[in-house]
Each structure stands twice: as C-alpha cells, then as structure tokens.
Amino acid sequence: MLAMLSTRPAVRRCAGASALTLALLGAGLPAAAADRPQPDLSRFYRQKAVWGACEGPDMPKDLQCAKVTVPLDYARPGAGTLDLALARYRATGKTSQGSVLLNFGGPGGAGISELASGGRQFMDLTNGYDVVTFDPRGVGRSSPVSCGEGSEEASLATEEHTDIGHPQALFKQLRQAADLCARNSGPVLPHIGTINASRDMDVIRQALGDSKLNYLGFSYGTRLGAVYAAQFPGKVGRITLDGVDTLTESLAEQGVAGAEGQQTALDDFLDWCTTDIGCPFGQDRRMAGDGVVRLVRSLDENPVPTGFGGSLSGQDLVGAIGQALYSKELWPSLERALVSLVEDGDARRVLAFSTGGVALPGDRRRTDGGLVDAEDVPADNLSSALMAINCADDPDRPTAARLAKDLTDLRSAYDQASPVFGRYRLTQLLMCYGRPKGTDFIRDRVKNVHSAKMLLVGTRGDPATPYRWTEETARRLGSSAVVLDNKGEGHTGYSSSKCVHRKVNDFLLYGTLPPGGGSCPADAPADRLTSDGSG
C-alpha cells in the first residue's frame with residue numbers, strides 16, 4: 001500500500017507482473033549465482049549526480065533535481081539504459097553525513113512529486129543529510145509504464161464482479177488488459193520490479209558519493225529496503241522501514257489481512273463518528289456498522305450519478321473509505337463526505353478520496369529510456385506500476401480453474417474478515433492473471449540478513465500493513481532487525497506520531513536505537529471539525 005505522507009488519500013495494493021525481473025546479475029547477486037561470470041557495470045558505478053533546478057511550476061525553489069542512468073537489463077548492460085529521476089533538499093547542518101534516500105511506497109508512487117509537496121516534514125533530517133528521493137523504474141518520470149486506454153474496463157469489471165461462480169468472461173478481460181499493459185508500457189515492463197529497483201538504488205548510492213545506503217522507506221518501500229539489505233548487506237548504513245510489508249504471504253493471505261486491517265480502522269472511525277450528533281450513521285454504534293453495510297449494498301444495486309458522466313457504486317465507496325482510513329487526520333473529512341452522500345446524494349466529496357484515471361490521449365512517452373516530462377506521465381501510471389511491480393514480485397500464477405475455485409472457497413473467509421471490505425479485497429486474487437510469473441527471490445531468499453542494525457516501525461492500528469507483518473519480517477531478517485512498537489492508528493508512524501518521528505530521526509541522524517526497540521504511545525484522537533472545516 002502506498003504511504004501518503006501528506007493528508008492526501010492513499011491507494012490500495014493491487015498486482016502486475018514480469019517474468020524477467022530476476023535476471024541474476026552484477027553486484028548484489030543471489031548467492032546461488034555468485035560464482036558466475038558477472039557483466040561489467042563499472043560505467044554505471046562511475047557516475048556522479050549533477051544537480052540543478054527542478055523544472056515545473058509546482059517545484060519548490062530549494063528542491064534540486066538530477067538523473068542517474070542504470071542498465072535496462074542488469075544481465076545485459078549493453079542492451080539499453082534507463083534514466084532515473086532524482087530530487088533532493090540540501091543538507092543545512094554544519095556536518096554532512098551524506099544522503100538519506102526516501103521511498104514513499106506504492107508500489108508505483110513517484111518520489112519527486114511527493115517530496116515536492118510533502119517534503120517539509122523531513123526538514124529535520126537536513127541537519128545531517130541531503131534528503132533525496134527518486135522515481136523508480138517504470139514510475140513517474142522514469143520510463144513510466146501505462147496500460148493505455150481501454151484497460152480501465154477490466155479493472156472496473158474486476159472490482160464490481162459478482163458472479164464468482166462463472167468468472168470465465170472476466171478472465172478473458174484480464175488477459176486482454178495484461179496484453180494492453182505490455183503493448184503500452186514499452187521495453188521497461190519486463191525489467192520492472194523490486195529486485196531491479198534495489199539494484200538501481202545501489203547505483204544511486206554510489207552516484208550520491210555514499211559508501212553506505214542510509215534509507216527511510218514507507219509501506220512498499222519497506223519491501224524495497226529489505227531486498228536491498230539482502231542483496232547488499234555490506235552497504236547497509238542506517239535503514240528505517242516504517243509500515244512493514246510482508247515478504248512471504250500470498251495474494252490470498254494479503255487480501256484477508258488487508259480486509260481485517262481496514263475493518264479494524266473502520267470500526268475505530270465509527271467509534272469516533274458516533275460520538276457526534278452529525279454522524280451520518282447515527283449515535284448507536286452497532287447500528288452504525290450495519291448502516292455502512294446497507295449503504296454499500298444499496299449503492300451496488302443503485303449507483304449514484306457523479307455529475308461527471310459516471311456513477312458511484314458500493315465498491316467505489318468501499319475503495320474511497322479505505323483510502324480515507326489511512327490517516328486519522330482524514331476522519332473529519334471522511335465524515336463530512338459521507339454526510340453529503342447520505343443526506344444529499346452528493347458523491348463529490350467521496351470521489352475526492354478516489355485515485356486512478358486513464359492514460360493521456362496520444363503517446364508522448366519516450367521509449368529510449370530518457371526521462372519524460374512531468375506533464376507527459378500517463379494518468380494511469382500509479383495503478384499500472386502498482387500492478388506491474390506487485391506481480392513482478394509474486395511467483396504464484398494459479399490457473400483459471402484454480403482461481404475460480406479459490407474465489408468460491410475463500411469468499412466466506414473474506415466476508416468474515418470484513419463485511420465491508422471483504423468482497424473488494426477478494427478481487428485482489430485476480431490481479432496477476434494473464435501476466436508472466438514473477439520472482440521467488442523475495443519469498444525464498446530475503447532472510448537472515450547479516451548487516452548493520454535496521455529499525456522496523458510497526459503501528460498497531462495500521463489498516464494496510466498489520467503489526468504482525470512487522471514482527472514476522474523482523475524475525476525473518478534476523479538479528480539485524482530492531483522493532484519500534486507504535487501503539488497508534490493509521491498507515492505508518494513517522495508522519496502521524498511525534499514519538500515515532502523523534503525516534504526515527506534519532507536513529508538516522510545519530511545512530512541511536514531505542515533499547516530493545518522501544519515503543520511509542522498512541523496520540524490523541526483527531527479533532528472534530530465544524531461543517532465549514534474550521535476547528
């Protein structure tokens with residue numbers, strides 16, 4: 001799940017694929033291939049980032065931009081290259097410790113735009129570091145993937161699919177959608193995924209002039225950081241992973257965990273909402289939960305026109321609510337959006353929590369590996385990259401017959417996990433269908449990492465990455481992992497908990513780790529806003 005560190009809505013986890021992402025190549029090679037002759041990557045490791053002003057009207061004046069070139073295929077570094085977009089805020093402290101690299105999650109989240117809009121919360125880190133981020137391969141300005149016009153149909157069919165006993169028509173649509181993604185994404189698609197993104201991060205590390213990688217990764221960014229530590233254990237500096245992703249669970253297991261987490265977050269929201277006379281579901285807590293279920297079912301049967309030529313279904317509402325639950329700061333806005341929907345039939349505020357889109361008309365993307373202009377990034381890049389990267393990292397490709405059986409067999413488990421989010425999450429099982437098999441490296445080889453200490457932050461009330469994933473990943477990584485237990489709510493802790501923020505900064509800036517990992521208390525509940533948005 002994407003960790004949106006501002007108060008903008010987050011996106012849900014989906015899937016996509018690539019069979020070639022586990023090209024066993026160069027430095028950071030899986031151990032089984034360590035004795036094979038390695039391609040020469042020296043020209044990429046000789047680069048130095050050259051910084052200049054960032055182009056674009058929304059770019060802060062003190063944000064600088066650069067690019068780093070990486071091989072398209074690490075097995076064949078002479079077969080093509082990609083440029084990766086970088087951005088940084090310069091260190092302001094008297095003593096510079098080099099750089100700290102940020103990844104905001106997703107997968108598919110563009111780092112440059114996020115740092116430009118929400119980077120001020122990282123200014124404490126400039127006391128010791130240049131604060132740097134990047135658009136990973138296939139994302140943002142770095143050879144963005146796209147599924148093109150027409151792929152949205154299959155996505156909508158998946159989300160709104162109800163006849164799970166006869167899904168063959170849907171499987172055909174999904175295969176067609178996968179073919180569209182392959183045709184529209186260009187040569188980067190077979191080489192997308194976390195294995196190669198981790199390799200890219202090591203090239204970036206060297207281009208920044210750092211002997212070790214200092215890193216702060218959120219949500220999916222924790223998967224990326226863990227893979228880096230496994231591939232380059234000797235290059236690990238101070239690494240913090242916040243909102244820790246699973247390294248082992250299948251899509252089916254992740255879907256149930258996601259439904260449970262989002263249901264818990266919804267229950268917490270309703271506990272808060274029903275203390276207010278203006279709560280659209282009333283003040284009876286039990287009836288409020290039933291009211292949400294009835295609203296979703298009603299909208300699935302009779303969607304509300306949106307005023308944009310479309311409509312809002314119950315599953316659309318579920319997706320919007322799920323995104324709003326990523327942060328307690330969004331609870332007042334979610335309450336007002338639901339009031340508008342329930343009392344006035346006005347879906348505009350609910351739609352503000354939705355993400356997505358279709359590709360831009362025409363094809364102004366570059367296929368030579370160079371950076372694209374920000375205005376030419378396809379509107380569906382986030383969702384397309386999210387699918388492609390998640391499926392490139394997933395080795396499971398059940399047959400259509402097995403998927404059809406799983407949809408039937410697992411429905412009760414999903415409904416039990418959440419009467420609101422269960423059906424929505426069940427469709428996650430289908431997202432890799434029709435795409436090449438992904439790598440098994442993460443599931444099989446990212447474990448027992450012998451590196452410098454890494455700080456893992458788990459939040460008890462996280463709707464996207466449950467706390468048990470933090471514990472499981474820490475056990476898997478071994479003695480190098482130290483867990484910080486955040487007792488609060490919301491997805492990730494750095495932006496929502498002052499305690500977490502301080503402890504993470506202490507580790508990154510000074511190397512100070514809490515004894516035994518330590519813990520942080522839950523912060524105060526969200527302030528309720530008046531109808532005009534004032535406090």
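The model is predicted, with local features needing pLDDT of at least 70, side-chain atom pairs counting only at pLDDT 80 or more, and totals for chains, interfaces and linings using all residues. Residues are numbered from 1 along each chain as its sequence is written, and side-chain values use heavy atoms, with hydrogens and water left out.

**Exercise 1. Work out the order of the strands in the open sheet, and find which strands stand at its edges.**

Begin with the terms: helices (H or I, at least four residues) and strands (E, at least two) are DSSP runs numbered from the N terminus, and two strands pair if DSSP finds at least two bridges between them. Next, follow the 10 strands across the open sheet, which gives β1-β2-β3-β5-β4-β6-β7-β10-β11-β12 with mixed pairing. The edges are held by β1 (52-53) and β12 (519-520), and each has a single partner strand, so one side of each is left without a neighbour in the sheet. Finally, look at one pair: β3 (residues 81-89) and β5 (residues 130-134) run antiparallel and are joined by four bridges, with Tyr89 standing opposite Val131 in β5.

**Exercise 2. Find the strands that helix α6 lies across, and its angle to β6.**

Contact here means heavy atoms within 4.5 Å, while axes are lines fitted to C-alpha atoms, for helices over the stretch in contact, and angles run from 0 to 180 degrees between N-to-C directions. Helix α6 (residues 220-231) lies across β4 (99-103), β5, β6 (213-218), β7 (236-242) and β10 (454-461), and it runs at about 150° to β6. Helix α17 (residues 498-510) packs on the sheet too, touching strands that include β11 (481-489) and β12, and its direction makes about 170° with that of β7.

**Exercise 3. Describe the lining of the largest cavity.**

A cavity is a set of points on a 1 Å grid over the protein atoms alone where a 1.4 Å probe fits but cannot get out, and lining residues have an atom within 4 Å of a point. The largest cavity is lined by 15 residues, and Arg223, Thr246, Glu249, Gln254 and Asp393 lie nearest its centre. Two or more lining residues come from each of α7 (251-273) and α15 (441-445).

**Exercise 4. Locate the two ends of the disulfide of Cys54 and Cys65.**

A disulfide is a pair of cysteine sulfur atoms within 2.5 Å, and the structure holds five. Cys54 and Cys65 are joined with S to S 2.0 Å. Cys54 lies in the loop between β1 and β2 (63-71) and Cys65 in strand β2, so the pair ties together parts that are 11 residues apart in sequence.

How values were computed: On a 1 Å grid over the protein atoms alone, a cavity is a set of points where a 1.4 Å probe fits but cannot get out, and a pocket is an open set with protein on both sides within 12 Å along at least five of seven lines; lining residues have an atom within 4 Å of a point.
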